[in-house]
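Have a look at the model first, then read on.

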Amino acid sequence: MHSIVRFAAAARSVLAGAGTAEERWAEIARLVPALLGDPELRACAAGWTDTHGNGYTTTTNLLLYEDPEYGFVINSLVKAQGGLVRPHDHAHTWTAYGVIEGTERIVRYRIVEGDRYAKQARLERTSDTIVQPGFVDLIGPYEAHAENAASGRTVAIIVRSHKTGRALHAIYDLESCKVERRPGPAQVPVLLE
Ligand SMILES: [Fe+2]
C-alpha cells in the first residue's frame with residue numbers, strides 16, 4: 001500500500017538522521033496523520049475484525065509492516081465497542097499511537113508508590129483525554145497509559161520502535177495495585193496490497 005511504503009521510507013530517513021530518540025520519535029509521530037488520512041488504509045481498517053479480545057492477555061496486534069533494518073513496526077489494534085485496556089507501559093520502546101477510526105479515551109498515569117518492577121504499584125491519573133480520528137499520542141519508555149474505546153468500535157494504527165514479544169510490558173491493576181509483566185500483544189501478520 002502506497003501510504004505505508006511512503007511512511008516507512010520517511011520514518012527510515014528520520015531514524016538515519018541526527019537527534020535523540022525522543023526528537024526522532026516526535027518527528028515520526030508527526031508523520032502518522034498522513035497514514036490516518038489515507039482513504040485506502042481507512043477502507044482496509046473498516047474491514048478488520050476485533051483484535052482486542054477480552055483484555056490484555058488475549059490482545060493481538062495486526063502487523064502491517066516490519067522494517068528490516070531499523071526494526072520498527074506498524075501495527076493495528078481493533079477494539080469492539082466498550083473495549084478497555086488496563087493501564088500498562090511498553091517497556092523501553094517508543095510508540096506513536098494514532099486513531100484511524102472511532103472515538104477513544106486516552107488516560108495517562110504516574111506511579112506514586114512502588115514501581116514497574118515490583119509486585120505492587122499505585123498509579124495516579126495525570127490526564128484523561130477524549131480523542132478523534134487523526135489524533136496521535138507519543139508514548140515514551142516506561143510511560144503508564146491506557147487507550148480505551150470511548151464510543152463504538154475503534155481502530156488504531158500504532159508505530160512501535162520495536163516489535164512486541166521481546167520486552168516485558170508492565171500491566172497495572174488500579175484497585176489491587178498488583179503489577180503483572182507480559183510480553184505485549186502477539187503479532188498477527190496481515191498482507192496489504
Ligand atoms: Fe499502550
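Predicted model: local features only at pLDDT ≥ 70, side-chain atom pairs only at ≥ 80, totals over all residues.

Residues are numbered from 1 along each chain as its sequence is written.

**Overall shape**
- The C-alpha trace spans about 45 × 40 × 25 Å along its principal axes.
- Of the 193 residues, 35% are buried, meaning that 20 or more other C-beta atoms, placed from the backbone, lie within 10 Å of the residue's own.

**Helix α2**
- Trp25, Ile28, Val32, Leu35 and Leu36 are buried in α2.
- These buried residues pack against α1 (2-16), α3 (39-46), β3 (95-114), β5 (136-139) and β6 (145-160).

**Nonpolar cores**
- A nonpolar core is a set of buried Ala, Val, Leu, Ile, Met, Phe, Trp, Tyr and Cys residues joined through C-beta atoms within 7 Å.
- The largest such core has 30 residues, and Val32, Ala96, Ile100, Ala156, Ile157 and Val159 touch the most other members.
- At least two residues of this core come from each of α1, α2, α3, β1 (60-66), β2 (73-79), β3, β5 and β6.
- Another core, of 8 residues, lies apart from it and includes Tyr109, Leu123, Ala170 and Val179.

**Contacts**
- Beyond its neighbours within four places in sequence, Ala96 is in contact (C-beta atoms within 7 Å) with Trp25, Ile28, Ala29, Val32, Val136, Leu138 and Val159.

Methods. Buried ≥ 20, exposed ≤ 12 C-beta atoms within 10 Å, placed from the backbone. Helix = DSSP H or I, 4+ residues; strand = E, 2+ residues; numbered from the N terminus. Contact = placed C-beta atoms within 7 Å.
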